[in-house]
Amino acid sequence: MAILLFLTLFPLGVAALTALTSNQKLRNWLVKISAGIIATATIVLTVFVLRFEMTYYEVSFEIINKIILCLELLMGGYVIYIGIKHKKYIISLLMAIQASILCFIDFKLIHSVEIKHNLFIDKFSLIMAILVGIIGSLICLYAVGYMDDYHHHHKEIKDKRKKFFAILFIFLSAMFGIVFSNNLMWLYFFWEITTLCSFLLIGYTGTEESRNNADRALLINVLGGLAFAVALLYLAGNVGTLELNRVILSDKVSVLIPVVLICFAGLTKSAQMPFSSWLLGAMVAPTPTSALLHSSTMVKAGVYIIIRLSPILNDTAVGFLIALVGGFTFLTASLIAIAQNDAKKVLAYSTIANLGLIVTCGGIGTYESVWAAVLLIIFHAVAKSLLFLCVGTVEHTLGSRNIEVMHGLIKKMPKLAAMMIVGIAGMFLAPFGMLISKWAALKAIVDTNPILVMFIAFGSAATLFFWTKWMGKLIAIPQNEEHMESHIKKSEAYPMALLSVATILVCLMFPIISSIIVNPYVIEVFGHGASMDRGNVIIMMIMMGLVLLLPIRLLTYKKQMKEVSIYLGGANTDEPKRFYGSMGSVRKIYIENYYMSKYFGEARLFYIGSLICASATLLMLVMAFLY
């Protein structure tokens, strides 16, 4: 229990110190050392937990509950103030209702509710803790160098790095609290902290656009928080428990309403349609914020709670509707990503899509689908965080995050391009983990609900298209391009390199990860396990070895290759990259991707997807109360 408390409380102490430290060099070292300590503590926790089964901890909570209530009311008061200040009165109203519900639970109902275990750790919590502790620490390390560059390029933005790093560590603390909390009141408390932190991080620049996007994120997540609070009220008043493990083991009929309300909160937090606009708006924030929100932390909290509650959703109509929301989000977001040339926007829609696939698995709620969902969480967190950090560095170096500007990045910045290729390959290429997980998800869906198969099949096809054309841009070699690798700071390069290695390792170690962490959790919950047979594992390893030759070869191409003019059937001019057109005019060679915005643009598909998903979500809530 000491390690759990350390990981939850230590980042809070670091946040206080960074907020009080004015010396920039001292603060940078504090962030680096603290990130290393958190990562080390996470590794120690991993070694400890792998030796034991699920463990619950009794914690004296009377005083803690009072402290938590006071902090919740303070946060609620701040959010109400923000709503009034920004003239977003609906935010203030929703938060006021939440505060009233919490006070009623704490003063009227909590004494009649037995809460024995407030904290716990199992294999799924461990997986989430590893993602938060390792990836979150690497993002904090990356942020040290990145924020220096950020304010060098954006002198018009007020330097608020003390506040920025403090919020990052508070965020990590809250995420550890979410994954270790068995007491749903505590889980809700940490859940709301992530909501407030995301609001502050998205609004970092202070521009009108960032304020509007931060307000939108706050509104959507406060709406989800209200649903969570109502679920707690129902559980305390009607079921008599506020322990997560007891809710999961309860009769479906008695807990379906609060479970669906909590899943609704999960849909808002994981940015499923029609709630996905807040995550797209988060792109205005500095890259470390995008990486934290999109990869391992904020959005993963939403799918984490849905997967936790998936045994209740199994074989129910509301579970099918949750899966339908996830499936349609996966398809729609994947199609929209085709039409985007902004790299961050492609990553954002890809995140929304992959979260939709995880939600689909959680809504189905079988042991096979949950096994696939947990694997998706792992592989997506590592590869996507790598890609966000790479895009942030490219933006600062090239002055743009447009995919077209990344043409020939393998020559301009070969090491960075190789890392990006590893990240992109990790998202869609066989035998990397995301493709394996999608195969497992597809099999689980076919076995239980074939109606959803078309969403996964067509969504996966769209995924293949937009990742392939981006990778093609990176490895297309133009001539006479400036080498710019030296512009990258070591504090940015090391986290990206480590995440590149991690992306490869988690794929190579997939059988081990499945057998010692994922499968034990699935067996613990469902009594059945899922895995790939030995023949498929051997084939996967052989393919992985062959795939790894690509980035290695790209890094060494200069030693054995020479550049020549592009052959154009005799139409070349004497100048590189120019040719004679059909009318004899000299034209510049340029290759541009297909975006097909007429068919896959946001204006059309986002509205349709949001409308369908909103209808399914509303029907889900109605059916839960009629069940």
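## Two helices side by side

Let's start with a pair of neighbours in this predicted model. Helix H16 (residues 343–364) packs against helix H17 (residues 367–398) at an angle of about 170°, and their axes are 9 Å apart. Angles over 145 degrees count as roughly antiparallel, so H16 is roughly antiparallel to H17.

Which residues in H16 and H17 meet? On the H16 side they include Leu 347, Ala 348, Thr 351, Leu 357, Ile 358 and Cys 361. On the H17 side, Ala 372, Leu 376, His 380, Lys 384 and Phe 388 are among them. Sorted by class, the contact between H16 and H17 has 14 nonpolar, five polar and two charged residues.

## A closer look at H17

Is H17 mostly covered or uncovered? It's mostly covered, with 29 of its 32 residues buried. Just after H17 comes Gly 399, which takes a positive phi of about 85°.

## What the cysteines are up to

Cys 70 has 47% relative accessibility, so it counts as partly exposed. Cys 613, on the other hand, is at 1% relative accessibility and therefore counts as buried.

Note on methods: Residues are numbered from 1 along each chain as its sequence is written. This is a predicted model: local features need pLDDT of at least 70, side-chain atom pairs count only at pLDDT 80 or more; totals for chains, interfaces and linings use all residues. Side-chain values use heavy atoms; hydrogens and water are left out. Axes are lines fitted to C-alpha atoms, for helices over the stretch in contact, and angles run from 0 to 180 degrees between N-to-C directions. Helices (H or I, at least four residues) and strands (E, at least two) are DSSP runs, numbered from the N terminus. Angles under 35 degrees count as roughly parallel, over 145 as roughly antiparallel, 65 to 115 as roughly perpendicular and the rest as oblique. Contact means heavy atoms within 4.5 Å. Ala, Val, Leu, Ile, Met, Phe, Trp, Tyr, Cys and Pro count as nonpolar, Asp, Glu, Lys and Arg as charged, and the others, Gly among them, as polar. Buried means under 20% relative accessible area, exposed over 50%, partly exposed in between (1.4 Å probe, protein chains only).
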